[in-house]
Amino acid sequence: MDTASGGLLNPELAQWLIQSSYLVTAFLFIMGLKRMSSPVTARSGIVWAGAGMLVATLFTFLYPGMTNFEWMLPAIILGTALAWWTGKKVAMTDMPQMIALYNGFGGGAAAAIAAVELLGGEAMSLTTSTLAVVGALIGAVAFSGSMVAFGKLQGLIKRSFRFGGQNIVNLLVIIACVVLGAALVAGTLHGVPYVALFFALALLFGVLMTLPIGGADMPVVISLYNAFTGLAVAFEGFVMQNAAMIIAGTVVGSAGTLLTQLMARAMNRSLGNVLFSGFGDTGAAAAGSAVTGSMKPIEATDVGVMMAFAQKVIVVPGYGMAVAQAQHKVWELCQLLIERGVTVKFAIHPVAGRMPGHMNVLLAEAGVPYDLIADLDEINAEFETADVALIIGANDVVNPVARTDKSSPIYGMPILNADKAKNVVVIKRGQGAGFSGIENALFYLDNTRMLYGDGQAAAAQLIHAVKALG
Amino acid sequence: MIVTISGLVALYIFMLAAFAGYEVIAKVPVILHTPLMSGSNFVHGIVLVGAMIALGNAHTTLEKLVGFVGVAMAAGNAAGGYVVTERMLEMFKSSGQKKPGAH
């Protein structure tokens, strides 16, 4: 089979077919992404893009001079089967780390392409070899960085590693990597050991860069690495003279950069701030000391009465709700309230869940219709007219210090003004601080009551309490 | 006729594709950010064709090994990206059907 150099068709026809198929693929990808950007057509979008991928992959087998099919087919089957299986099996709440994982694979693949090209030692122009090395660097960083992001979100890496002079060490590693890369391009250094060292340094840099970043900032980082992988693919596409890779990689590179900015803006952080400063290092203690008063507990039956006789209830769900798998129970509770004539709305912070839009997906999974879900700009004026704001598993996104306390690290972040509601009920597991480690002033307000317990159990109690009212 | 992409043409492609990517994402509602990130993650799975070509032209065992890993990872990127995106977007169907009047 590997002797079939020249392929099945004559090379010119094969080339024509391949390039045409790539044109079709590029069209399907862009149309697919376009369709994915509207809720009405979103589902067909991924099917379009999927068709594009299938077309490109099948026609690539026709490439003149291709060999090693006995390596290629098992690799494709292995990668596809493993990813398909894990992707089907994983829970909706774990989607962000799966995106990180698969994205890392893409970056690793781009780096591997560059490695094969560099090891092959075939003559490349200065431009081509520069692009190969730059793509390799970006791809390798995206790979190891995404793996760390995956490990953190999956709970495999529990702490953030920080030490003095960390940024300087990172800088030295990346400088060494770039210098070595330049030497490879110039041809002053070549051979397996130097190529291996170059990749080792690039991978190390990805790890070092990602380890100090806190879990709350991971979505922004994953999105950034997604853009990185896109760019790496585009650069390797230049090297391989492959238009499909150039177009798809560049589209993802620019779309991913924009998405990253949108996410960072939603968290009121600049990208540089996310990458180079450990969150909560400086301001957390100061913000904690500013909070006075006490947390006031409440029983589920009292909350049931409060909500059943309310005119308007606004639910503020957070990642904690999703972790407790409480969204189905919460929706059941809301349906009971709606039957009693209560107006119920869900208020979604842009970074509720782990990524922008993640919470909407989780609520949609539970069956909550779209017109009950409002985002921050729509809902914030309505809290003043709400009788009850029910906070489930959300913390930093409802912390009023973001409006008032200049010393707080989250100062200036747009928040949901849940504190303006007549009554605030917070369902919370215990008395600890949020993901960012910042004390929440909302919990200490006079109109706030704490309902301690697991999100799902608490929601079940509330359902029981409302039903008991008849 | 072997198709080659000269430097300048490549730059044109790069520029136009960058604009296309920006425009496609620019007016997206927040609810679709995560599915879109996942969708774009799938799209760069096209690296699979590059990995296949690299492996298809590899000579030494080391090159073949690296190529094998590259193809397997690229296939994982494409397949995983597809499944995850499809599962997320599946949610949008159910709510759309329940609420035919919703806009």
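Guide: What follows is an account of the interface, with a short note on aromatic pairs at the end. The model is a predicted one, and the values below are computed from it.

The interface of chain A and chain B brings 107 residues of chain A into contact with 84 residues of chain B. The area buried between the two chains is about 8,500 Å², and carbon and sulfur atoms contribute 79% of that area. On the side of chain A, the residues that lose the most area to chain B are A:Arg43, A:Ile46 and A:Trp71; together they account for 8% of what that side buries.

A:Arg43 also takes part in a salt bridge, in which its side chain meets that of B:Glu90 at 3.2 Å, N to O. The rule finds one salt bridge across the interface of chain A and chain B. As for polar contacts, 15 residue pairs are counted between the two chains, with both residues at pLDDT 80 or more.

Several helices of chain A supply at least two residues each to the side that touches chain B. Among them are helix 1 (11-36), helix 2 (42-60), helix 3 (69-89) and helix 4 (95-120); helix 8 (218-240), helix 9 (243-266) and helix 15 (358-366) belong to the list as well. Helix 4 of chain A gives the most, with 16 residues. By residue class, the side of chain A that touches chain B divides into 69 nonpolar, 30 polar and eight charged residues.

Aromatic rings of both chains come together in one cluster, formed by A:Phe29, A:Trp84, B:Phe42 and B:Tyr82. Over all chains, the structure holds ten aromatic pairs. One of the pairs is that of A:Phe198 and A:Phe199, which is edge-to-face, with 5.3 Å centre to centre and 75° between the planes. Both A:Phe198 and A:Phe199 are buried.

A further pair, A:Trp331 with A:Phe346, is tilted, with 6.5 Å centre to centre and 55° between the planes. A:Trp331 lies in helix 14 (residues 327-339) of chain A and A:Phe346 in strand 2 (residues 343-348) of chain A, so this pair ties together parts that are 15 residues apart in sequence. A:Trp331 and A:Phe346 are both buried.

Conventions
Residues are numbered from 1 along each chain as its sequence is written. Chains are lettered from A and ligands numbered from 1 in the order in which they are written. This is a predicted model: local features need pLDDT of at least 70, side-chain atom pairs count only at pLDDT 80 or more; totals for chains, interfaces and linings use all residues. Side-chain values use heavy atoms; hydrogens and water are left out. Contact means heavy atoms within 4.5 Å. Buried area is the accessible area (1.4 Å probe) that two parts lose on being put together, summed over both. A salt bridge is a side-chain nitrogen of Lys or Arg within 4 Å of a carboxyl oxygen of Asp or Glu. A polar contact is a pair of N or O atoms within 3.5 Å; within protein, one must be able to donate a hydrogen and the other to accept it, and residues adjacent in sequence count only if both atoms are side-chain atoms. Helices (H or I, at least four residues) and strands (E, at least two) are DSSP runs, numbered from the N terminus. Ala, Val, Leu, Ile, Met, Phe, Trp, Tyr, Cys and Pro count as nonpolar, Asp, Glu, Lys and Arg as charged, and the others, Gly among them, as polar. Rings of Phe, Tyr and Trp (its six-membered ring) pair if their centres lie within 6.5 Å; planes under 30 degrees apart count as stacked, over 60 as edge-to-face and the rest as tilted. Buried means under 20% relative accessible area, exposed over 50%, partly exposed in between (1.4 Å probe, protein chains only).
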